[in-house]
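Open the model in a viewer and keep a selection panel at hand.

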Amino acid sequence: MVDGEAIRSWLSLFATEVARNRDLLTQLDSAIGDADHGANLDRGTSAAVSAFGTADHSSPGSVLKTMGMTLVGTVGGASGPLYGTLFLRMAGCAGDAERLDAPAFAAALRAGLDGVVARGRAQAGDKTMYDALSPACDALDDALAAGRDIGDALSLATAAADAGRDATIPMLARKGRASYLGERSVGHQDPGATSAALLVAAAAQALSGQVSA
Amino acid sequence: MKKLINDPANVLSESLLGVAAAHPELRVDHEHKVIFRADAPRPGKVGLVSGGGSGHEPLHGGFVGHGMLDAAACGEVFTSPVPDQITAATNGVDGGAGVLHIVKNYTGDVMNFEMAAEMAGATGGAEVVAVVTDDDVAVQDSLYTVGRRGVGVTVLVEKIAGAAAEAGRSLSDVAAVARRVNAEGRSMGLALTSCTVPAAGKPTFDLPADQIEVGIGIHGEPGRTRVPLAPAAELARMLVDPILDDLDFAGDGVLAFVNGMGGTPLIELYLMYHEVDRLLAKAGVSVARSLVGNYITSLDMAGCSVTLLKLDDEMLRLWDAPVRTPALRWGL
């Protein structure tokens, strides 16, 4: 079961990974965007970690809400509303439950993905964070349906997110600033898909110890 | 990186301290990083709010004042402001007649303004109408993309819609004028150099000394094509031809706007204006008004953009109406 404390470790680990990959994210963004993804996301996730220190984390929903509100309020750009909406929708789906079992966690992540689609109107193959998150959600659902535990399922989701991230390299960008480059966006890995893959990998690392019930 | 800064992390907040000190006719909310007219909100007047990433100065903060914006929400450099900032700006200019959001068509700006408008709707705040500018002909518009970027025409929308609001027109009227300006305006830009975001510390893209980027936006994002540097007469053609191909500018007269990207001196901008003016004359386009200078910039990027706006009588009258802001002032 995943409780508020587990969600907090997941998102804190994500913040650590964003900080560690800050320059990589910015470098990917300077090739096809405006060179701010690493700095902006790091500002938001660091602020969220500070907010976790004082905010209520008695339930997964409360931690996810703190994360979402903090990102919307500090990141700016497109990443703020997109990641913010992801976590706020997850919070809405998790509700007041004190713990989430594996299918409930997967359902919350799926709700977050739906929120990203509603906010950004992205589809598969547009070269965005969706291209890493969507295969991860599918892999997570499939693995749980096949009876795997949450650790195994999140490992498979991580592999799917990484493959989805790598698959953005040959894509022609159709959303965000990268889309202005047209053909010149081809051959570059999408920074949003890269940070989204970090989020899934952090979940595998932080939540795999949580035995599914 | 050689810049007049203390700490890359504090560039925006320290710059706003300067704005406040230099312009007592403005009020700066340092917590939310919003620049207001000191007399906002004005009862019965439609409030005009714009905003976006910083680094395009004087846009938007330099256009706050009589006859133009009531408030500008300032995001970090090249990063949209967040909904809280936009909400603070909206509430601060709500004089009971509604608030117009002028938003440049960038994914982040559109989403953050949308979230702020949703929050205003959910909390019973001001009536908000948004007008999105998308005048950059360098971007091919299609159903499957985010559409054209908002660039030079944004300055003209803020001036003309600002004059309409100052004249006491209703929210729907002011929004309609703003949309008409956007629909009748087109822009195209080029960069001679990249620009350096203070937090990044190095140029956003590498551009060899003998190459230029054509079809750039205002964020140091690379353009659509890279070509060898050419004389100004040819560069002017690279900017004017795509604009004239996109919209028929024959008729009553246009506003011709040659804008500097921040790192190009006025002497070159006027030289370019001459080339643009000649091309327009040759194409049978009559110029009724002009604007030359650095108005919507991209930090220290060298280069320029050309914007043409097809004026009708009403737009012309509103363009000529008095304006008093740090960056644009006449008639007062």
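Which element gives the most to the lining of the second largest pocket? Select α1(B): with six residues, this helix is the main contributor. The model is a predicted one, and the volumes below are computed from it.

**Second largest pocket**

Centre the view on Val11(B), Ser15(B), Ser54(B), Gly55(B) and Glu57(B), which lie nearest the centre of this pocket among its 35 lining residues. Its volume is about 710 Å³. Besides α1 of chain B, β3 (47-54) and β4 of chain B each supply at least two lining residues. Colour the lining by class to get 17 nonpolar, 14 polar and four charged residues. Now colour chain B by domain: domain 1 (10-184) and domain 2 (185-311) both give residues to the lining, so the pocket lies between them.

**Largest pocket**

Next, select Asp36(A), Ala39(A), Asn40(A), Arg43(A) and Ala199(B), the closest to the centre of the largest pocket out of 42 lining residues. The volume here is about 910 Å³. Highlight α2(A), which gives the most, five residues. By class the lining holds 17 nonpolar, 13 polar and 12 charged residues. At least three residues come from each of domain 1 (10-184) and domain 2 (185-311) of chain B.

**Largest cavity**

Four cavities of 30 Å³ or more are counted. For the largest, at about 590 Å³, select Ala78(A), Ser79(A), Leu82(A), Gly176(A) and Arg177(A), which lie nearest its centre among 33 lining residues. Then show α3 (107-122) of chain B, one of the elements that supply at least two lining residues; α3(B) has the largest share, four residues. The lining divides into 12 nonpolar, 13 polar and eight charged residues.

**Second largest cavity**

Move to Val151(B), Gly189(B), Ile216(B), Ile218(B) and Ser305(B), the closest to the centre of the second largest cavity among its 13 lining residues. This cavity has a volume of about 70 Å³. Strand β7 (residues 185-191) of chain B has the largest share of the lining, three residues.

**Chain A as a whole**

Finally, select residues 5-205 of chain A, which an unreviewed UniProt entry annotates as "domain: DhaL". This stretch is 72% helix and 1% strand. Colour chain A by pLDDT: the mean is 93, with confidence lowest in α2(A), at a mean of 91, and highest in α7 (residues 130-145), at 98.

Technical notes. Residues numbered from 1 in each chain as written. Chains lettered and ligands numbered in written order. Predicted model: local features only at pLDDT ≥ 70, side-chain atom pairs only at ≥ 80, totals over all residues. Heavy atoms only, no water. UniProt positions renumbered as here; feature names shortened; annotations may be inferred. 1 Å grid on protein atoms, 1.4 Å probe; cavity = no way out; pocket = protein on both sides within 12 Å on 5 of 7 lines; lining within 4 Å. Points joined across faces, edges and corners; volume = space filled by probe spheres on them. Nonpolar A, V, L, I, M, F, W, Y, C, P; charged D, E, K, R; others polar. pLDDT = per-residue confidence, 0-100. Domains from an automatic or database assignment.
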